[in-house]
Amino acid sequence: MFLPVATCALMSLSQTATPFDWRDAVIYHVETDRFFDGDPKNNANIEKRNPAGWHGGDFRGLLAKVDYLKALGVNAVWFSPVAKQVEKPHRSARLTHWPFHGYWPARFDEVEPRFGSRADLLALTKALRGAGIRIVLDVVLNHVGYGAVHAGIRTPCGKDDITKCLFGLPDLRTEDPAVWEPLVKSTKQLVDETGADAVRLDAANHIGPTEWRTFRRAIPSPLLIGELWGFDAAEKKSWDGLRARDLDTAFDFAFADLALGWVTGRLATDSLAKHLAKRDAAIAGAAVPPIHFLDTHDTEPFLSRARGDKAALKLAAVLEFAVSGIPLINYGNEVGRKGGRWPTNRGDMPWGAAQDKRLLEFYKRLVYARRIDPGLRRAKSIVSALSRDLLMVMRGETVVLLNRGRRREIAKVDVANAKSWVDVLSEKKLAAKNLTVSPRSARILVRAE
Ligand SMILES: [Ca+2]
């Protein structure tokens, strides 16, 4: 069909004017220092062999890998907080711990020079925008790094969530407008400059609801994501806590354990189905669904928790992409990045031959399945246990079958008189009468006829 040029112009205009629907997002999380070193000139105090040291990654490194992210198919990136960090490590008997992660700010109005210059940051955000990848800025406003000098530091530390010194870090008197307002102002400036689409609020439950409401009024447009430690998307009280702070959404810290429990056989299939139904009911009232993950920089990698079982990882990843919520890929999930508990969980991103290319291809198919299918992104999810080991997730007319067992399963699925299906993961066509699912594998089925 040929459309008149004027109609085409109108269409593109209305498309750009439509706000992004976050149900369509697949977020990729990057530890900037661990991803890729794009500029050795900004390297200082590099200790590649120290798992808690600086490793040299930077904004230019991430910029150099925008094509990689595009090929993976993700459409949002969350990278480390950009604020200038304290210059000294925090020493314990076991570790010399540097602020490579970005969570020990020293100055809120400057960019960490090891990550690059402000111009490097803006070049990165411009490139991401150009690639259609949304920007999730990470900001730390609850505290400063060990030894930092700041007029707003609280002494002594309190005992409640708001006034305590998290991990012994100097806490800021965020309830004092003289301390809070400049913090909000510097965040607003960063959001405006970078054109951030979302802001991740670190340690959000350690800052009062009143302050978050002030923040919302000052910075109305980006999606506000609270890091509310322990937030469980199945629990109404978690959502109530989010709403009291006037934030848009949160990370679902409960999902990874559900996925691990089920793929390793500790959680019964019908228990998982019941729990996910409860989770869906709790999510139903939210404008933006929660963000769920298999692991983050704060947890042990899923692959390590599953004792290196990649079939378990793949099943869990399909479940992650099939249920309600926004899936988040932690850097390297898609290529089998190794690592165990802290501090080895924040290892370097493998590149080249160190990547598991078959796993990467699998992840690309998974992201692709979601991209081509609005049902998988937006339709209500209906989860049911078809047998002891076979789980079905229906999203609109799309059917996801997951077999955690050691035997081949045959699913009886009767959806809208479908005669045959195509499995987006394997590209195989299957007759509706013969929906087989191999041991330890999954299918994402879209209707063929
Ligand atoms: Ca560097």
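Asparagine 43 is partly exposed, with a relative accessible area of 27%. In this predicted model, Asn43 is one of the protein donors of a calcium ion.

**Calcium site**

- The calcium ion takes protein donors from Asp37 (OD), Asp39 (O), Asn42 (OD1), Asn43 (OD1), Gly56 (O) and Asp58 (OD). These atoms lie 2.2 to 2.7 Å from the ion.
- Along the chain, the donors follow the spacing D-x1-D-x2-N-N-x12-G-x1-D.
- Asparagine 43 and aspartate 58 link distant parts of the chain, 15 residues apart. Both sit in the loop between α2 (32-35) and α3 (59-64).
- Aspartate 58 counts as buried, at 1% relative accessibility.
- Why is the arrangement of the six donor atoms irregular? Their angles around the calcium ion run from 61 to 171 degrees, which makes it so. An octahedral label would need opposite donors over 155 degrees apart and all other angles between 65 and 115.
- For reference, ideal angles for six octahedral donors are 90 or 180 degrees.

**Disulfide**

- The structure has one disulfide. Cysteine 157 is joined to cysteine 165, with S to S at 2.0 Å.
- The link of cysteine 157 and cysteine 165 is left-handed, with -95 degrees about the S-S bond.
- Cysteine 157 is partly exposed, at a relative accessible area of 43%. Cysteine 165 is buried, at 14%.

**Salt bridges**

- The whole structure holds 38 salt bridges.
- Arginine 154 and glutamate 175 form one of them, at 2.9 Å, N to O. Both residues lie in the loop between β7 (134-139) and α6 (177-194), so the pair ties together parts 21 residues apart in sequence. Arginine 154 is buried at 9% relative accessibility, whereas glutamate 175 is partly exposed at 37%.
- Arginine 200 and glutamate 227 meet at 3.4 Å, N to O, in a salt bridge. Arginine 200 belongs to strand β8 (residues 198-201) and glutamate 227 to the loop between β9 and α8, so parts 27 residues apart in sequence are tied together. Arginine 200 is buried, with a relative accessible area of 1%. Glutamate 227 is buried too, with 9%.
- Aspartate 252 and arginine 279 form a salt bridge at 3.0 Å, N to O. Aspartate 252 is in strand β10 (residues 249-252) and arginine 279 in helix α10 (residues 269-283), so this pair ties together parts 27 residues apart in sequence. Aspartate 252 is buried at 1% relative accessibility. Arginine 279 is buried at 2%.

**A buried aspartate without a salt bridge**

- Aspartate 232 lies in the loop between β9 (223-226) and α8 (236-244).
- Which side chain of opposite charge is nearest to aspartate 232? That side chain is arginine 279, 6.1 Å away. Aspartate 232 is buried yet has no salt bridge.
- Beyond neighbours within four places in sequence, aspartate 232 contacts Ser238, Asp252 and Ala254. Among these, Asp252 is the salt-bridge partner of arginine 279.

**Helix α9**

- Eight of the nine residues of helix α9 (residues 255-263) are buried, so the rest of the structure largely encloses the helix.
- The buried residues are Phe255, Ala256, Leu258, Ala259, Leu260, Gly261, Trp262 and Val263.
- Just after α9, glycine 265 adopts a positive phi of about 85 degrees.

Methods: Residues numbered from 1 in each chain as written. Predicted model: local features only at pLDDT ≥ 70, side-chain atom pairs only at ≥ 80, totals over all residues. Heavy atoms only, no water. Buried < 20%, exposed > 50% of the residue type's maximum accessible area, 1.4 Å probe, protein only. Helix = DSSP H or I, 4+ residues; strand = E, 2+ residues; numbered from the N terminus. Donors = N, O, S within 2.8 Å, 3.2 Å for Na, K, Ca; no water. Tetrahedral: all angles 85-135°; square planar, octahedral: opposite > 155°, others 65-115°. Lys, Arg positive; Asp, Glu negative; His and termini not counted. Salt bridge = Lys/Arg side-chain N within 4 Å of Asp/Glu carboxyl O. Contact = heavy atoms within 4.5 Å. Disulfide = S-S within 2.5 Å.
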